[in-house]
Amino acid sequence: MADEITWDEEQRSAALHSYDVLDTPREEDFDDLARVASEICGAPIAVVNLVDTTRQFFKAEVGLGVRSTPLETAFCRHALLLEDTMVVPDATKDPRFDCNPLVTDAPHIRAYAGALLKTPEGLPIGTVCVLDYNVREFSDQQIRMLRFLAKQTMTQLELRKRIALQRRLLLRTRKAEQEKTNFERVVRQSSDFIGIANERGEVVFLNDAARALVGLASDVQPPKSVIDYLAEADKAAFLEEIKPAIKSGNSCEQELRLRNFATGVEVPALFSMFPIKDGDGQLIGYGVVTKDITAQAEEAERKAQIMAEAAHRIKNTLSIVQAIVHQTLKNSPTLEQGRDAIVKRVNALAMAQDILMGAGNSAADIMSVVTSALAPHEAGDGRLSWDGPDHRLEPPQAIGLSLGLHELATNAVKYGALSGDVGNVKITWTVEADGRFELQWTEQDGPPVVEPISTGFGSRLIRRMIGPYFTGETTLEFPPEGVRFRLTGKLPPKSGTIDQ
């Protein structure tokens, strides 16, 4: 018996399974070991046997004809309890085996000799053994050879294990390299600015989008310091707010402006910076993800302009009402008729204001926007006319068009074709099947037009704000015969009904 058993069955089984050899096909190297054992010992049966918790698996066998048997009748399970080898000259006289079905019944095993297979940690996982149908002794030389063959078997198993480990490591390395390649590809192709700095804050990587955003060609060495990428006015905020937060281990996000080294333009961006740590929690660098928010900034500017226009409109409300009263009374035969017309036009002005304030929450169509915006100035004398197909507008487009028409009409009443007794304004628009849109405002027969020396808010509104809502452009001209305005752009696809 072994001097001391230092393992349990769970440990032993885990060691066996680590070789990943159970239920594998026959292999010539192991078959040769079984044949040599049979020949040296002169035994009809020889086995390279691996003993699991409920069965024994024969990696190689001679004279047996099966690959696996239950553990209950196995001779080798007893061998595991011994130090080195187990020899049974006559199983009928051994109390461990005299009642074993393999002894009492076919195939009537009588003799057994086996040498243990042991892991480098000393855990027994099987045997190289021989069995005989006759009672017999085994020579010392035969026992030594079984021990030698057991060592050779373990050498083969260890070699097999190392090869399998190397293959797994190779596959893992290849997978990691592929994942790294895929990650780098994703990072490089990302539309957002992505950069990496080392623990000293020196930039070591910029993706293609980052280089494009800050105007650096692929063959140009990027500036080392993160702060060099910021606009001069934002460097102080970075040093006071972002840098201390990052050094303390926190992420930080802030709107900053980046420098474009090629053009000198400052680009508004959402700047996100975070610490990168290793598995031990030690700081090894910094990551930066920055998104170009130029479009959002422009939209915010347009909204601010809308608010400014709202304030501007409030200041001009009294002058607009005064113009409505003046034009209406001048063209009304009676005071009563003039009063009714004034009420209608003031209500129309209120409706136009409602569209300006409410179109952002619901869709509108061209005709309703044009009608509501121009109705306060319509005297019924044919001097103000409009014509074109109906079509749905996106809410921002309805706002932009209402603003523009209201401003043009106000200027026409104050200074243009509608400011005198004669003169007219024509508004026409077309919509193509693909959504292309064109609107023209034409004034004629009014007072001679002189182009303004300075550009007021209204002109800036008409020239700069309306076009982007239609993904198009505007022109505002001042020929002597009358103001001309042209808007081109794109409308949403035509639907059967106007969204409510």
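User: What percentage of the 500 residues in the protein is made up of buried residues?

Analyst: This is a predicted model, in which local features need pLDDT of at least 70 and side-chain atom pairs count only at pLDDT 80 or more, while totals for chains, interfaces and linings use all residues. Residues are numbered from 1 along each chain as its sequence is written, and side-chain values use heavy atoms, with hydrogens and water left out. A residue is called buried when its relative accessible area is under 20%, exposed when that area is over 50%, and partly exposed in between, using a 1.4 Å probe and protein chains only. By this definition, the buried part of the 500 residues comes to 42%.

User: How many helices and strands does the secondary structure of the protein come to?

Analyst: Helices (H or I, at least four residues) and strands (E, at least two) are DSSP runs, and they are numbered from the N terminus. Counted in this way, the secondary structure of the protein comes to twelve helices and 18 strands.

User: Among contacts between residues at least 6 apart in sequence, what percentage joins residues at least 24 apart?

Analyst: A contact means that heavy atoms lie within 4.5 Å. When the contacts between residues at least 6 apart in sequence are taken, the share that joins residues at least 24 apart is 58%.

User: How many salt bridges does a search of the whole structure find?

Analyst: Side chains of opposite charge can pair when their charged atoms come close. Here a salt bridge is a side-chain nitrogen of Lys or Arg within 4 Å of a carboxyl oxygen of Asp or Glu. One network of salt bridges links R26, D31 and E61, and for the whole structure the search finds 18.

User: How far apart are the closest N and O atoms in the salt bridge of R55 with D23?

Analyst: R55 and D23 form a salt bridge that links distant parts of the chain, since R55 belongs to strand 2 (residues 55-62) and D23 to the loop between helix 1 (9-17) and helix 2 (28-41), 32 residues apart. R55 is partly exposed at a relative accessible area of 22%, whereas D23, at 52%, counts as exposed. The closest N and O atoms of this pair are apart by 2.7 Å.

User: Is K59, which forms a salt bridge with E27, buried or exposed?

Analyst: The closest N and O atoms of E27 and K59 are 2.8 Å apart, and the pair joins the loop between helix 1 and helix 2, where E27 lies, to strand 2, where K59 lies, 32 residues apart. E27 is partly exposed, with a relative accessible area of 27%. K59 has a relative accessibility of 1%, so it counts as buried.

User: Is the arrangement of helix 10 and helix 11 roughly parallel or roughly antiparallel?

Analyst: Two packed helices are described by the angle between their axes and the distance between the axes. The axes, which are lines fitted to C-alpha atoms over the stretch in contact, with angles that run from 0 to 180 degrees between N-to-C directions, come within 9 Å and cross at roughly 30° for helix 10 (residues 366-374) and helix 11 (residues 395-414). Angles under 35 degrees count as roughly parallel, over 145 as roughly antiparallel, 65 to 115 as roughly perpendicular and the rest as oblique. Helix 10 and helix 11 are therefore roughly parallel.

User: Which residue is joined to P107 by a cis peptide bond?

Analyst: P107 lies in the loop between helix 4 (101-104) and strand 5 (111-118). In this loop there is also H108, which has a positive phi of about 60° although it is not a glycine. The cis peptide bond has an omega of about 15°, and the residue that it joins to P107 is A106.
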